[in-house]
Amino acid sequence: MLQLIDLFKPDAVSIEELFFNTNITTGIAVAHGRGVILLACENAGLKIYEYTPLQVKQAVVGYGRAEKKQVMEMVKRICALPAPPKPDDAADAVALALCHARSSTSLLYREEREDCSTI
């Protein structure tokens, strides 16, 4: 993670909030990986933005309960790709980046940042 941060030098990082349904074992492994990512980003002084799966789907597809295939198809279309990114996790990561790009450029986001800067 530190190598990726050093290589790409991001200004901010968007990460999906942890959500798991029935498989607690998978949820624990995901939580461990998420913790590593958050720690590395925090240590690098990056701004961290978290989005729920519903927010990502809403931003990319326009419907918060969209199916995974719909999200992948919209990622392909928005990015003008010949096919959705592979593996599926890569498409999810692009969807998360698109969600942040749209959220961070909205007027509501700007107003919120302006309000916070006056405190």
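Student: Where is Lys9 placed?
Tutor: Lys9 is in the loop between α1 and β1; helices (H or I, at least four residues) and strands (E, at least two) are DSSP runs numbered from the N terminus. Its phi is near 45 degrees, a positive value in a residue other than glycine. Bear in mind that this is a predicted model, where local features need pLDDT of at least 70, side-chain atom pairs count only at pLDDT 80 or more, and totals for chains, interfaces and linings use all residues. Residues are numbered from 1 along each chain as its sequence is written, and side-chain values use heavy atoms, leaving out hydrogens and water.

Student: Which peptide bond is cis?
Tutor: The one from Lys86 to Pro87, with omega near -5 degrees. Pro87 belongs to the loop between α4 and α5.

Student: How do α4 and α5 pack?
Tutor: Axes are lines fitted to C-alpha atoms, for helices over the stretch in contact, and angles run from 0 to 180 degrees between N-to-C directions. Here the angle is about 65 degrees and the axes of α4 and α5 are 10 Å apart. α4 and α5 are therefore roughly perpendicular (under 35 degrees is roughly parallel, over 145 roughly antiparallel, 65 to 115 roughly perpendicular, the rest oblique).

Student: Which residues of α4 and α5 meet?
Tutor: Contact means heavy atoms within 4.5 Å. From α4 come Lys68, Val71, Met72, Val75 and Ile78, facing Asp88, Ala91, Asp92, Val94, Ala95, Leu98 and Arg102 of α5. By class, that contact has eight nonpolar, no polar and four charged residues (Ala, Val, Leu, Ile, Met, Phe, Trp, Tyr, Cys and Pro count as nonpolar, Asp, Glu, Lys and Arg as charged, the others, Gly among them, as polar).

Student: What about α3 and α5?
Tutor: α3 and α5 pack at about 75 degrees, with axes 9 Å apart. Gln55, Val56, Ala59 and Val60 of α3 make the contact with Ala95, Leu96, Leu98, Cys99 and Arg102 of α5. Those residues divide into seven nonpolar, one polar and one charged.

Student: What is the volume of the largest pocket?
Tutor: A pocket is, on a 1 Å grid over the protein atoms alone, an open set of points where a 1.4 Å probe fits, with protein on both sides within 12 Å along at least five of seven lines; lining residues have an atom within 4 Å of a point. Grid points are joined across faces, edges and corners, and the volume is the space filled by probe spheres set on the points. The largest pocket has about 1300 Å³. Of its 37 lining residues, the closest to the centre are Glu16, Asp89, Asp92, Ala93 and Leu96. α5 gives the largest share of the lining, seven residues.
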